[in-house]
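Visitor: I would like to learn how to read a structure like this one. Please take me through its features one at a time.

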Amino acid sequence: MNEPLPLSPAPQRGSVGPTDLALVPLGEVAPLRADAARNRARLLEVAARLAAERGIANVTMEDIAVGAGVGKGTVFRRFGDRAGLLVELLSHQEQQLQTLFLSGPPPVGPGAPAAERLRAFGSAVMRHEHAHRELYLAAHAEPGRSRTSPPFQFRLAHVSMLLREARADGDVDLVAYTLLGYVETALVDHLLTRPGMSLSRLEVGWYDLVDRFTGRCTG
């Protein structure tokens, strides 16, 4: 099965600011017992490794069960079905990225000027999603739908907050959407695979775009 991941609808937001930001999972996750949490982490670790090795389309629930040393029924009980597994795997990857933005070392985390954090944000997103390419391409198969997902709304709030802190020029809300369009999974993958651009070149382009909006561009 190789269908797009079902994404949860996003909560409505008003103006954004530092206090708006928090870890945003793809859906509501009930608290787990310690042993269940360890099992979940192990299954997700195996799923992520197999996806990186084979591509997510070529990973079955049975493959994950064998890799984790459990019965296939255990995998189905934990995730429900393949779509449920993919949603949790994507949520796991997104939470790692969100943690980096909220509490990681500067410049991507707190402690650096807002413009520097914006520059680091784009690099982090492109490199993270490229490392998990198959998963993110599946999740973003419907761009309009992905823009209403909680992870996108988190990124939008984060970028808008940094733009305001950097006193960026223009309509901050529209600028935030413009910047996020640059790091959109499908576009980055196209530029890397079709014209054959390098990730380093895309990062330089991102820095230039951020500098133009934050008044740092010197020409």
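This is a predicted model: local features need pLDDT of at least 70, side-chain atom pairs count only at pLDDT 80 or more; totals for chains, interfaces and linings use all residues.

Visitor: How many helices and strands are in the chain?

Guide: The chain holds 11 helices and zero strands. Read from the N terminus, the order of elements is therefore α-α-α-α-α-α-α-α-α-α-α.

Visitor: What share of the residues is buried?

Guide: A residue counts as buried when its relative accessible area is under 20%. Of the 219 residues in the chain, 44% are buried. The chain exposes about 11,100 Å², and carbon and sulfur atoms supply 53% of that area.

Visitor: How many salt bridges does a search of the whole structure find?

Guide: A salt bridge needs a side-chain nitrogen of Lys or Arg within 4 Å of a carboxyl oxygen of Asp or Glu. The search finds 14 salt bridges. One of them joins the side chains of Arg40 and Glu88, at 2.5 Å from N to O. Arg40 belongs to helix H1 (residues 34–54) and Glu88 to helix H4 (residues 82–103), so this pair ties together parts that are 48 residues apart in sequence.

Visitor: Are Arg40 and Glu88 buried or exposed?

Guide: Compare each value with the cut-off of 20%. Arg40 has 17% relative accessibility, so Arg40 counts as buried. Glu88 is buried too, with a relative accessible area of 14%.

Visitor: Which residues are linked with Arg40 and Glu88 in a network of salt bridges?

Guide: Arg78 is linked with Arg40 and Glu88 in such a network.

Visitor: Which residue meets Glu94 in a salt bridge?

Guide: The partner of Glu94 is Arg155, and their side chains meet at 2.5 Å, N to O. This pair links distant parts of the chain, with Glu94 in helix H4 and Arg155 in helix H8 (residues 150–165), 61 residues apart. Both Glu94 and Arg155 are buried. Glu94 has 3% relative accessibility and therefore counts as buried. Not counting residues up to four places away in sequence, Glu94 touches Tyr136, Pro151 and Arg155.

Visitor: Which residue forms a salt bridge with Asp189?

Guide: Asp189 forms a salt bridge with Arg133, and their closest N and O atoms are 2.3 Å apart. Asp189 lies in helix H10 (residues 185–193) and Arg133 in helix H6 (residues 133–139), so the pair ties together parts that are 56 residues apart in sequence. Asp189 is buried, with a relative accessible area of 13%, whereas Arg133 is partly exposed at 30%.

Visitor: What is the volume of the largest pocket, and which residues are closest to its centre?

Guide: A pocket is open, whereas a probe that fits in a cavity cannot get out. The largest pocket has a volume of about 250 Å³. It is lined by 18 residues, and those closest to its centre are His140, Ser146, Phe152, Arg155 and Glu184. H4, H8 and helix H9 (172–182) each supply at least two residues of this lining. By type, the lining of the largest pocket divides into eight nonpolar, five polar and five charged residues.

Visitor: How many cavities of 30 Å³ or more does the structure hold?

Guide: The structure holds two cavities of that kind. About 70 Å³ of space lies in the largest cavity. Its lining includes Arg133 and Asp189, along with Met126, Val188 and Leu192. Helix H5 (114–131) and H10 are the elements that give two or more residues to this lining. H10 supplies the largest share, four residues. The lining of the largest cavity divides into four nonpolar, two polar and three charged residues.

Visitor: Where is Leu202, and which residues is it in contact with?

Guide: Leu202 is in helix H11 (residues 199–213). Its relative accessibility is 3%, so Leu202 counts as buried. Leaving aside neighbours within four places in sequence, Leu202 is in contact with Met126, Tyr182, Val188, Leu191, Leu192 and Met197. From C-alpha to C-alpha, Leu202 and Met126 are 8.6 Å apart in space, and they are 76 residues apart in sequence.

Definitions and conventions: Residues are numbered from 1 along each chain as its sequence is written. Side-chain values use heavy atoms; hydrogens and water are left out. Buried means under 20% relative accessible area, exposed over 50%, partly exposed in between (1.4 Å probe, protein chains only). Accessible areas come from the Shrake-Rupley method with a 1.4 Å probe; for residues, only the protein chains shown count as cover. Contact means heavy atoms within 4.5 Å. On a 1 Å grid over the protein atoms alone, a cavity is a set of points where a 1.4 Å probe fits but cannot get out, and a pocket is an open set with protein on both sides within 12 Å along at least five of seven lines; lining residues have an atom within 4 Å of a point. Grid points are joined across faces, edges and corners, and a volume is the space filled by probe spheres set on the points. Ala, Val, Leu, Ile, Met, Phe, Trp, Tyr, Cys and Pro count as nonpolar, Asp, Glu, Lys and Arg as charged, and the others, Gly among them, as polar.
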